[in-house]
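Open the model in your viewer and keep the selection tool ready. This tour goes from confidence to a cavity, then to one residue.

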Amino acid sequence: TGVDVISDNVNSIIEGSTVTADNLSSQNINDMHAVSVLASGAASNNGNAAVGAVGIIVDHSTQNNYASGSNFTLTSGLLDYNTTHKNNLTAVTGNVALGNAGSSLGGSLFAFAADNNINTYLKNTEVSAKAASVNSSAVDDIYAITAGGSLSAGSSAYQGAISLLVNTGTVQSYVDGGSVTTTGSANEKSPGIKISADKNIKNRQYNGQVSGSLSENAVGGAVTTTINTNTVKAYANNTKLSAEKGTEVAAKSIKFVESTPVGVSAGTGVAVQGSVDTTVLTDDVFAYISGSEISSDVNIYANNDTTVKTILGGAAVSGKGAVGAAVYTNVITGDTKAYISDSQIKKDINNLIVKADTHESLNVLAASGSVSTGSVAVAGVVNTPVITRDTIAYIDNVDSITNNANISNIDVQAVSNSEISPLSGGISASAGAGVG
């Protein structure tokens with residue numbers, strides 16, 4: 001058994017300061033790289049064999065990178081506020097239980113829970129620079145293998161392989177109060193003012209188990225669970241924004257979830273095998289400007305992109321009765337919003353672009369099988385995808401008339417695209433009755 005708890009507070013702060021410099025950079029970085037390998041085994045000739053392998057990692061961190069009540073004059077250059085958080089984890093958890101006369105019982109469990117809050121902001125701060133960037137970024141790259149095997153020659157065999165990945169928190173960048181004035185950009189393709197926040201998650205779980213009995217029953221289960229509840233925000237509030245190369249406010253959440261819970265149970269008595277995958281993704285993504293004065297082109301963009309790939313299967317083989325089941329549940333919820341509200345356009349601008357974009361891609365292969373030379377064989381598959389999301393882009397109470405400002409191009413888009421490709425089936429065969 002291994003339990004690791006990581007708790008970090010990383011702060012970069014400037015308060016009540018007047019700074020004149022060529023460039024100002026504030027970098028707040030928190031990296032976690034970990035490898036977890038846990039293996040256990042048990043064998044018994046006359047009695048029972050029982051074994052377990054448990055790995056648990058908890059990561060709780062808060063990062064604050066900000067300036068408050070300050071004045072920055074950057075004569076030649078760049079204001080760069082950047083906060084990054086990275087989790088890179090590889091975990092392998094496994095067990096083997098071997099029993100001769102008695103039963104064999106084995107179980108493998110791996111759990112990873114992350115609660116990360118990343119904040120980058122300027123509060124009541126005056127900025128004059130060539131270009132200004134306020135950015136928060138979080139990356140989670142998790143790779144987990146959980147496996148187990150149980151075999152008994154003289155009695156029953158039981159085996160389970162379970163993995164759980166939980167990711168929660170907030171990633172946000174913002175400017176609240178004060179003003180930001182820029183005369184150029186960091187490079188030809190970037191805007192003069194950039195406020196951005198992004199969350200990128202890769203969760204990969206590969207679970208497998210085998211249970212076998214040469215004389216009695218065999219029971220096995222493979223379970224994968226993914227839970228993500230995150231908020232990603234980029235915004236400007238009650239701020240004067242003036243940028244010759246434009247202002248960009250962008251929030252983005254990208255998720256890739258892959259899981260493969262599979263298992264086989266075989267016994268001369270009753271064989272039961274279940275494979276279960278549950279994925280719950282609740283993400284809110286907001287990009288907006290509110291209560292501000294704007295003297296530049298504006299591009300506001302909120303993007304929420306989800307890809308889920310799942311292969312699950314369960315097979316049971318028995319001399320009496322066999323039951324095989326595969327159960328898949330995927331729930332995707334959350335709001336994606338891009339907007340500008342309660343603001344004034346102070347001068348002629350070329351573009352006012354507001355876009356919210358949501359995309360989901362679900363690819364699921366679920367199968368179960370059962371074979372019995374005895375009375376009954378049952379195979380079942382349950383496949384339940386649920387998607388409930390709001391994708392909204394709007395302009396509300398934006399005044400360009402008071403200052404006789406002309407907007408050449410206004411583009412407001414809300415785009416939602418879902419691709420669901422479920423493939424499932426069950427097959428059973430029995431000398432008695434077969435149900436699939």
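pLDDT is the predictor's confidence in each residue, on a scale from 0 to 100. The model is predicted, so begin by colouring the chain by that score.

**Stop 1: confidence.** The protein chain has an average pLDDT of 90. Of its residues, 96% score at least 70. Now select residues 430–436. Here pLDDT stays under 50. For this stretch the model has 21 contacts beyond four places in sequence.

**Stop 2: the cavity.** How many cavities of 30 Å³ or more does the structure hold? There is one. The largest cavity has about 30 Å³ of space. To find it, select Phe-112, Asp-140, Ile-142, Leu-165, Val-166, Asn-167, Asn-203, Ile-227 and Asn-228, which line it.

Stop 3: Show strand E8 (131–152), strand E9 (157–182) and strand E11 (218–237). Each supplies at least two residues of the lining of the largest cavity. Which strand gives the most? E9 does, with three residues.

**Stop 4: Thr-225.** Stay on strand E11 and pick Thr-225, which lies in it. Is Thr-225 buried or exposed? Thr-225 counts as buried because its relative accessibility is 18%, and the cut-off for buried is under 20%. Next, show its contacts, leaving aside neighbours within four places in sequence. Thr-225 touches Ser-163, Leu-164, Leu-165, Gln-205 and Thr-278. One of these, Leu-165, also belongs to the lining of the largest cavity.

Definitions and conventions
Residues numbered from 1 in each chain as written. Predicted model: local features only at pLDDT ≥ 70, side-chain atom pairs only at ≥ 80, totals over all residues. Heavy atoms only, no water. 1 Å grid on protein atoms, 1.4 Å probe; cavity = no way out; pocket = protein on both sides within 12 Å on 5 of 7 lines; lining within 4 Å. Points joined across faces, edges and corners; volume = space filled by probe spheres on them. Helix = DSSP H or I, 4+ residues; strand = E, 2+ residues; numbered from the N terminus. Buried < 20%, exposed > 50% of the residue type's maximum accessible area, 1.4 Å probe, protein only. Contact = heavy atoms within 4.5 Å.
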